[in-house]
Amino acid sequence: MEKKQLDWANIGFNYIQTEQRYVSNYKDGAWDKGGLTTEANVVINECAGVLQYSQSCFEGLKAHTQVNGDIVMFRPDVNAQRMVDSAKRLEIPPFPPERFLEAVDAVVKANAEYVPPYGSGASLYIRPYIFGSNPVIGVKPADEFQFRVFVTPVGPYFKGGAKPITIKISDFDRAAPRGTGNVKAGLNYAMSLHAVVAAHDEGFAENLYLDCATRTKVEETGGANIIFITKDGKLVTPKSESILPSITKRSIFYVAENILGIEIEERDVYLSEVKDFAECGLCGTAAVICPVGKIYDHGTDICFPAGMEKMGEVTQKLYDTLTGIQMGTIGAPEGWIRKVC
Ligand SMILES: *Cc1c(COP(=O)(O)O)cnc(C)c1O
């Protein structure tokens, strides 16, 4: 197989259309057989449920080329299950997890020439999603849905080293208690766009959202969970029903506890105690861990001792171990790596 001649280091995080995608339609109470198609455009009625009332959910995961040349995915079974949870909360018929795995396998395999080579730092981003596709004008769930998976190659998240970012405490809220913050719904992102554009205009990389009931506790950013390292080397992360359960964070927990011997505390994290932590990072599929050097809170800078030049020491260990597992240079826990081809 000939790899595409792309400038892997500089393609960034943009949509690059690839050859094949997977489509399955839900109608009369059942998902059809589904299959690959070269048709990248979706044609739906002007009144489709997704267009009127945003009935949609999605997933995001990556395929990589490992050191031995295998093309693999990282824990896609957990994405499949999370999509079931999202779908149920949004009155979308869940797509069966075993079919989710077959679909992502098929799309990655069919676009193997777009999977960046080992060592490039780039990867193939996989986007499964479901949306209500038939006309809905009274407020109710759609009866017909489409599940799709497409892939797009993405460049290395960090070019020239992982420089810590500065984020701000947002005056907007992300997710209400008992709302939809814990599922991967498109609507959670739609309402965050204004807040993130405003934060970027002010020179910040991201918004850190507080719990909206009391605005005293830290929750997460628009698209990544947050972790802290205490001065005595413990990993602390907020616990809340309105945080999206990050697969990266769950994997970091496992690595911390079972490989690195780091103690974990998942609990309420008050904004007032954030100044006492030694290191801070954001975790998600895109960056694995993105170091945070500074949090801006209404005129006050909270600066982490790890500084603005490089990742903190403990964060770096977690990052190196998890990316080593993904790339095949460190042995993976049972079931974490799914070989595609
Ligand atoms: C997808 C997402 C994350 C990260 O989840 P991963 O499974 O680690 O990629 C974190 N927060 C939000 C709001 C998300 O949508």
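The lining of the largest pocket is made up of 23 nonpolar, 15 polar and seven charged residues. For these classes, Ala, Val, Leu, Ile, Met, Phe, Trp, Tyr, Cys and Pro count as nonpolar, Asp, Glu, Lys and Arg as charged, and the others, Gly among them, as polar. This is a predicted model, in which local features need pLDDT of at least 70 and side-chain atom pairs count only at pLDDT 80 or more, while totals for chains, interfaces and linings use all residues. Residues are numbered from 1 along each chain as its sequence is written, and side-chain values use heavy atoms, with hydrogens and water left out.

**The largest pocket**
- A pocket here is an open set of points on a 1 Å grid over the protein atoms alone, with protein on both sides within 12 Å along at least five of seven lines; a cavity is a set where a 1.4 Å probe fits but cannot get out, and lining residues have an atom within 4 Å of a point.
- The largest pocket holds about 1,200 Å³ of space, a volume being the space filled by probe spheres set on the points, which are joined across faces, edges and corners.
- Of its 45 lining residues, Tyr-189, Glu-206, Gly-223, Ala-224 and Ala-286 lie nearest the centre.
- Because domain 1 (8-154) and domain 2 (165-327) both give residues to the lining, the largest pocket lies between them; the bounds come from an automatic or database domain assignment.

**The ligand**
- The ligand takes up the space of the largest pocket, where sitting in a pocket asks for more than half of a molecule's atoms within 2 Å of its grid points.
- Around the ligand are 15 residues, the closest being Lys-184, Tyr-189, Ser-246, Thr-248 and Thr-285; near means a heavy atom within 4 Å.
- A polar side-chain atom of Glu-220 is 2.6 Å from a ligand nitrogen atom.
- A side-chain N or O atom of Thr-285 lies 2.6 Å from an oxygen atom of the ligand.

**Other spaces**
- The second largest pocket has a volume of about 460 Å³.
- Its lining has 28 residues, and Gly-121, Pro-156, Tyr-319, Thr-323 and Met-327 are the closest to its centre.
- There are two cavities of 30 Å³ or more, and the largest cavity has a volume of about 50 Å³.

Notes
Polar contact = N/O pair within 3.5 Å; in protein donor to acceptor, adjacent residues only side chain to side chain.
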